[in-house]
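I opened the model and kept notes in the order in which I looked things up.

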Amino acid sequence: MELKHILDILWRRKWLVINNFAAIFLTIVIGTLLIPPWYDSTARMLLRKSSASSSVLASIGLSGGSGSVTLDETDRADYLALSTLRPVAEKVVSELNVKRVRTRTRLMNAVPGLKPVLRFVGVDVNATEEVMTAEDLLDSSLTSFIFPRPYVSVEQYEETNIIDIEAISPDPEQAMRIANAMAKNFIDEELKRVREDYAGAKEFIDNNIVKAKHEYLDALNATKDFKEREKFANLDSETINIIQKISDLKKSIEDNKLAIYKTKASINNIESQLKSIPKYQKSSEQLKDNEMILSLKMTLRDLYLSLAETRTKYTKDHPSVMDIENKIAQTKELLQKEMGKVFGSETVSIDAVYQNLTEKLAVYYADLSGYESQNKALPSIITRYEADMMKLPKQVSDYSNLQLAVTVTQDIYNSLLKYQYQIGMAESTALSNIYVVEPAITPKIGSSKHKTPNLLLNALFAIMLGATFGISVALFVEYIDDTIKTPEDVRAFKGLTFLGSIFNLKKKDPRLISMSDPRFPLREFIRTIRNSIKFTSLDKTLKSITITSSIDQEGKSFFAANLAISAANEGKKVLIIDCDLRRPGINNYFNLPKNLGLTSYMVGDQELKDIQLKSGIEGLSIILTGPIPPDPGKLVESNKMHNLIKDMEMIYDLVIIDTPPVLAASDAIVLGGWTDGSIILIQSGRASRSHFSDIIETFKRANINLIGAVLNRVHGRTASYYYYYK
Amino acid sequence: MASSEPVNFIDIHTHILPGIDDGAKDMDESLRILRDASKAGVKRIVATPHVFMENISAVLDAAEKSFATLKIETARQGIDIEIFLGAEVSLGAGLAEEVKKDSRLTIGGGGKYILVEMPFFEIPIYAGKTIFDLLVSGVTPIWAHPERCPEVIDNFNSVCAYTDNGVKLQINSGSLAGKYGRSVKRAAVNLIENGLAHIMASDTHRAGGDETLLKGFIRLEEICGRGKALGMCVSAPSEIIGLNKDNNN
């Protein structure tokens with residue numbers, strides 16, 4: 001029942017649905033055809049952590065990235081962070097000189113005559129293109145659909161380590177070039193970032209390696225000279241031991257210097273990354289002020305100090321050394337936890353990238369202070385050993401010093417060489433961390449796969465959107481529609497009899513039952529209404545009836561004429577009086593002289609018998625309006641009119657009076673009071689319920705016998721039954 | 001097989017009178033309809049021309065004359081069919097009074113049953129009162145093709161107010177064939193399945209082509225079984241034309 005009802009509504013409002021559908025559908029389809037097409041091209045990159053490079057870095061105490069072999073969410077988010085994309089986009093824009101057509105140029109092309117107007121206003125009309133900014137390149141706003149311009153989107157491909165760089169441009173060639181340039185610069189940028197981690201160490205090595213080499217050679221020469229001059233052979237084992245210890249300590253200092261350099265570089269790197277994200281600056285300061293963190297840092301530094309101390313006495317595998325190393329590891333863990341707390345509680349949203357960076361930063365700070373304290377402590381230890389050495393005989397002591405210089409410079413030089421080699425390795429392996437697996441190719445012109453907009457797809461979308469919108473509008477209009485449409489709507493009025501309905505006739509259908517064949521449905525409508533009228537007035541015979549409506553042109557003259565013909569066909573003597581002096585309608589149905597009628601008698605000097613015209617249908621006479629006076633109301637509301645009706649009731653079996661609409665004039669009320677009853681015509685879908693309620697109320701107050709209502713021009717499902725008779 | 005036994009149908013709703021209404025145009029067409037009906041097993045047939053409140057006596061006078069001629073012609077042509085006269089009366093206010101005045105409105109003039117037709121678009125406000133008046137004056141209204149009435153299509157139970165009071169429902173054989181559309185067919189089937197329909201008739205207007213009572217009977221058998229189908233096509237109609245009581249055959 002509900003579905004039927006909805007279908008009924010849609011059928012009734014089919015033109016509203018069709019028009020709305022057509023408007024949406026055509027807009028989208030024509031828009032699709034008008035918009036210049038644009039093309040997409042995709043470069044695909046794979047992110048991979050190279051295990052070789054990681055292990056190399058780890059062996060020299062450098063952590064390239066997070067240090068784990070597989071990529072985690074943090075890393076991917078890191079790569080995709082806008083802060084890394086913008087510099088890439090900037091480079092691409094400047095490298096390829098990416099331009100776009102100015103919006104005003106497009107407007108000028110689309111709207112003829114706009115160019116002179118803009119020129120007059122002072123707009124530069126000659127520059128047709130403008131260089132895009134990096135933001136523009138990364139921004140896919142709605143206007144870029146209407147005015148296509150190049151843009152880039154970078155997305156992770158599903159849950160993999162693959163990143164798709166999709167470039168879009170009206171020029172397929174340019175789309176390909178942008179995508180590839182983005183990929184290339186993306187890799188360069190990432191490499192630069194990784195290399196910055198080693199930069200400190202590298203600089204240190206480069207600065208010191210030559211000096212170390214010379215120092216080593218000088219020391220060797222000095223030893224050789226001494227040996228030749230003093231004929232000195234060998235040192236005893238105790239002296240060698242002392243020399244070795246001093247040498248180890250000095251090397252530690254050098255190592256620490258390198259570590260300090262490297263750590264400082266890493267700290268700078270991280271801090272610059274953090275600074276580029278303004279919302280994190282505040283928490284970065286909190287990190288420095290937190291007491292717990294400070295004390296943990298101190299503990300860590302002390303542990304490093306004692307480690308340095310202990311390492312001078314014991315080997316790496318000695319329990320004391322291992323114990324201190326364990327403590328260091330525990331303290332580091334505590335420190336990281338504490339940092340997590342600081343950010344977890346005090347900063348609203350810390351993303352994984354940031355958390356990772358700050359944790360690293362904390363450890364670097366701790367490490368740095370550790371190295372620095374060690375270097376402060378180490379010289380005093382060295383001095384102690386050197387004092388021991390001074391107690392030896394002069395020749396031995398001199399030789400020991402020379403030997404020490406050789407060992408120390410050799411160690412330093414060796415380790416610098418080793419580092420140089422390792423860093424070179426790490427840098428070269430870092431190259432393979434990101435690489436292009438699928439370079440972008442130029443999409444073919446006309447290939448629907450890489451061309452937007454796609455006509456077929458948009459057409460399907462247009463059908464769906466159009467249908468949805470059309471139906472919604474129809475249902476909404478139905479919802480807010482207050483008009484009387486169906487017999488049920490009429491029946492819903494309390495105290496009003498529904499006399500019957502008349503279906504919407506077709507244009508070519510006859511308008512009078514006298515002109516139609518016997519089985520024409522209009523006859524049955526009129527017959528049913530007449531039977532209803534008879535039924536409602538039961539025993540008392542109606543001598544006169546007024547026919548009215550709430551507003552103009554609801555079909556009251558049409559109904560009055562047919563009702564009269566129907567009564568006349570039954571052998572009754574019937575008269576129609578057209579009292580609608582504002583808009584006479586009866587004359588449309590009968591071929592009679594218009595200038596003779598009611599006013600001819602009321603105002604003019606025509607006899608009453610002369611204005612009652614024969615209609616041509618047996619038993620039916622008609623009084624037309626006659627010439628229309630300027631003030632029709634006064635004429636109708638006169639005693640002469642009242643008397644005329646009473647006189648006609650004596651002559652005819654039935655007098656039918658066509659009156660003006662109730663909302664147009666008071667005539668219908670006055671005439672209704674002078675006759676036996678009134679019938680209201682309602683045109684389906686025109687008269688509103690609220691008006692109609694007022695009318696019923698007015699009739700009641702005027703004490704008029706409201707016979708009932710007839711619903712005219714009914715549409716809808718039931719109307720189809722009418723065709724069985726055709 | 002029992003189902004293949006010939007059935008002697010009685011068709012109580014036809015427009016076979018020549019030139020009276022929108023049915024048979026002339027004597028020739030009337031005779032063709034009768035010949036076809038006879039071949040299809042119809043033994044008795046009631047001519048029910050359309051009658052309206054405003055032209056009762058005129059139509060019935062003409063119908064009587066036409067009926068007499070048709071009867072003579074049928075006998076002359078040797079068509080084995082018995083013809084009765086009735087009317088399909090358009091329901092109008094004051095019908096009961098008219099029936100009292102002119103019993104020819106009832107089937108066979110017997111004053112017992114009257115075939116009435118509702119307006120095709122809605123049940124009018126005077127329907128209830130008019131039917132009641134008929135019932136209390138001892139005339140049983142037979143509601144012609146209720147399955148075509150929009151109110152019944154929407155809800156077939158809307159006939160109950162009438163059937164509970166004794167009104168008989170007559171289904172058109174063409175409705176079961178879908179002649180008037182699927183919704184009408186569904187309404188007809190619903191009425192039959194719920195035991196609300198009493199009679200089936202052909203409502204024949206034209207010679208040839210139309211759904212015959214025989215075809216309708218076969219469909220009816222499928223819906224409600226042979227027993228009930230025979231009831232609707234033979235015993236109920238024979239009660240209406242007064243055969244069972246008079247026993248004159």
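Entry 1, confidence. pLDDT is the predictor's confidence in each residue, on a scale from 0 to 100. I needed that first, since this is a predicted model. For chain A I read a mean pLDDT of 80, with 86% of its residues at 70 or more.

I listed the secondary structure of chain B and got 10 helices and 9 strands. Chain B has 249 residues, of which 57% count as buried. Taking contacts in chain B between residues at least 6 apart, 75% join residues at least 24 apart.

How many residues of chain B are in contact with chain A? I found 29, and they meet 28 residues of chain A. The area buried between the two chains is about 2,500 Å², and carbon and sulfur atoms give 59% of it. On the chain B side, I noted B:Phe120, B:Phe121 and B:Ile125 as the residues that lose the most area to chain A; together they make up 29% of what that side buries. I looked for salt bridges between chain B and chain A and the count is 1. B:Glu54 pairs with A:Arg527 in a salt bridge, with 3.5 Å between the closest N and O atoms.

I wrote down A:Tyr216 with A:Tyr413, a stacked pair at 6.2 Å centre to centre with 25° between the planes. This pair links distant parts of the chain, 197 residues apart: A:Tyr216 lies in helix α10 (residues 172-230) of chain A and A:Tyr413 in helix α16 (residues 394-430) of chain A. I checked burial, and both A:Tyr216 and A:Tyr413 are buried.

Next I took A:Phe525 with B:Phe121, a tilted pair with centres 4.4 Å apart and 50° between the planes. It crosses between chains: A:Phe525 is in helix α19 (residues 521-537) of chain A, and B:Phe121 is in the loop between β6 (113-117) and α4 (127-136) of chain B. A:Phe525 and B:Phe121 are both buried.

I noted the charged end of A:Lys573 over the ring of A:Tyr652, 4.8 Å from the ring centre. In chain B, the charged end of B:Arg148 sits over the ring of B:Tyr180, at 4.0 Å from its centre.

I located A:Lys264 in helix α11 (residues 237-275) of chain A. Why does A:Lys264 count as partly exposed? Its relative accessibility is 42%, and partly exposed covers the range between the 20% limit for buried and the 50% limit for exposed. Leaving out residues up to four places away in sequence, A:Lys264 touches A:Leu368 and A:Glu372. I also took the C-alpha to C-alpha distance from A:Lys264 to A:Ala201, which is 9.6 Å in space for residues 63 apart in sequence.

Key: Residues numbered from 1 in each chain as written. Chains lettered and ligands numbered in written order. Predicted model: local features only at pLDDT ≥ 70, side-chain atom pairs only at ≥ 80, totals over all residues. Heavy atoms only, no water. Phe/Tyr/Trp six-rings, centres within 6.5 Å; stacked < 30°, edge-to-face > 60°. Helix = DSSP H or I, 4+ residues; strand = E, 2+ residues; numbered from the N terminus. Buried < 20%, exposed > 50% of the residue type's maximum accessible area, 1.4 Å probe, protein only. Lys NZ or Arg CZ within 6 Å of the ring centre and 35° of its normal. Contact = heavy atoms within 4.5 Å. Buried area = accessible area lost by both parts, 1.4 Å probe. Salt bridge = Lys/Arg side-chain N within 4 Å of Asp/Glu carboxyl O.
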